[in-house]
Amino acid sequence: MTSVQVWGPGVGAVAVLVATGAWAMRPVGVEGPLWDEVRPAVEARLLEQARGTGVGEPGARWFCRAEAVDLDERGGLVRAGVSTLCVEYGVRAGSLEECSGAEVPQVMRLRREADGDYVVVSAETAPDGAGHAEWVTARFGHVTAATLDATMSSTALESAARSHFGLPADAPVGPC
């Protein structure tokens with residue numbers, strides 16, 4: 001027997017297992033059209049939560065984004081498990097400054113209003129320090145909690161901040 005005949009099926013089986021594992025690790029239950037409808041309310045709530053908590057320069061502003069980790073609609077309520085990133089940016093001497101920020105998993109519940117827009121009716125945020133991992137696992141499960149370990153990119157927020165402050169697209173970003 002050749003080594004291809006012996007190892008071939010084993011390599012094929014490993015490839016199937018890896019592909020299945022990658023498929024299973026993807027966020028489940030996230031629907032594009034529903035997320036598109038609730039995202040504006042989620043991100044508006046993030047901006048409300050962030051106001052007044054920064055340490056930035058006068059004129060600094062918060063920019064936030066959310067990524068859906070899980071999404072479920074039942075009985076007129078939407079449960080959105082989200083990974084959130086909010087960063088406070090300011091400007092000094094033509095440079096964008098990152099003053100403060102945090103990436104935090106949250107669970108938000110939303111309700112559709114009579115006008116068709118969604119409104120956040122409750123929001124839970126993972127605690128800092130002790131209890132954080134337990135909170136995340138209890139609300140997202142073990143597999144989904146593992147996807148929350150990946151750091152969200154701030155590139156889109158930096159771009160939005162540069163645009164807001166009238167800076168060139170290649171303006172450097174430094175600390176506050």
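**Close-up 1. Contacts of L110 in a predicted model.** Leaving aside its neighbours within four places in sequence, L110 is in contact (heavy atoms within 4.5 Å) with V38, A41, V42, G76, L77, V78, A80, Y118, V119, V120 and V121. This is a predicted model, in which local features need pLDDT of at least 70 and side-chain atom pairs count only at pLDDT 80 or more, while totals for chains, interfaces and linings use all residues. Residues are numbered from 1 along each chain as its sequence is written, and side-chain values use heavy atoms, with hydrogens and water left out.

**Close-up 2. The largest nonpolar core.** A nonpolar core is a set of buried Ala, Val, Leu, Ile, Met, Phe, Trp, Tyr and Cys residues joined through side-chain atoms within 4.5 Å. Buried means under 20% relative accessible area, exposed over 50%, and partly exposed in between, with a 1.4 Å probe and protein chains only. The largest such core has 20 residues, and W35, V38, V42, L71, V78, L110 and Y118 have the most contacts inside it. At least two of its residues come from each of α2 (32-50), β1 (61-74), β2 (77-92), β3 (95-112) and β4 (118-125). Helices (H or I, at least four residues) and strands (E, at least two) are DSSP runs, numbered from the N terminus. The most is given by α2, with seven residues. Another core, of 10 residues, lies apart from this one and includes F63, L157, A161 and L167. In soluble globular proteins, nonpolar side chains tend to be buried together.

**Close-up 3. The disulfide of C64 and C86.** A disulfide is a pair of cysteine sulfur atoms within 2.5 Å, and by this rule the count comes to two. In the pair C64 and C86, the sulfur atoms are 2.1 Å apart. The pair links distant parts of the chain, with C64 in strand β1 and C86 in strand β2, 22 residues apart. The torsion about the S-S bond is about 120°, so the disulfide of C64 and C86 is right-handed. Both C64 and C86 are buried.

**Close-up 4. The disulfide of C99 and C176.** The sulfur atoms of C99 and C176 are 2.2 Å apart, and the two residues form a disulfide. C99 lies in strand β3 and C176 in the segment after β5 (173-175), so the pair ties together parts that are 77 residues apart in sequence. This link is right-handed too, with 45° about the S-S bond. C99 is buried, with a relative accessible area of 13%, whereas C176 is partly exposed at 38%. With the bonded cysteines of the protein chain numbered in sequence order, the pairing is 1-2, 3-4.

Close-up 5. R162 is placed in helix α4 (residues 155-165). R162 is buried yet has no salt bridge, and the nearest side chain of opposite charge, E158, is 4.1 Å away. A salt bridge is a side-chain nitrogen of Lys or Arg within 4 Å of a carboxyl oxygen of Asp or Glu; Lys and Arg count as positive and Asp and Glu as negative, with His and the chain ends not counted. The side chain of R162 reaches the backbone oxygen of A171 at 2.9 Å, and a polar atom of this side chain lies 3.4 Å from the backbone oxygen of A169.

**Close-up 6. R79 in strand β2.** R79 lies in strand β2. A polar atom of the R79 side chain lies 2.7 Å from the backbone oxygen of R139.

Key
A polar contact is a pair of N or O atoms within 3.5 Å; within protein, one must be able to donate a hydrogen and the other to accept it, and residues adjacent in sequence count only if both atoms are side-chain atoms.
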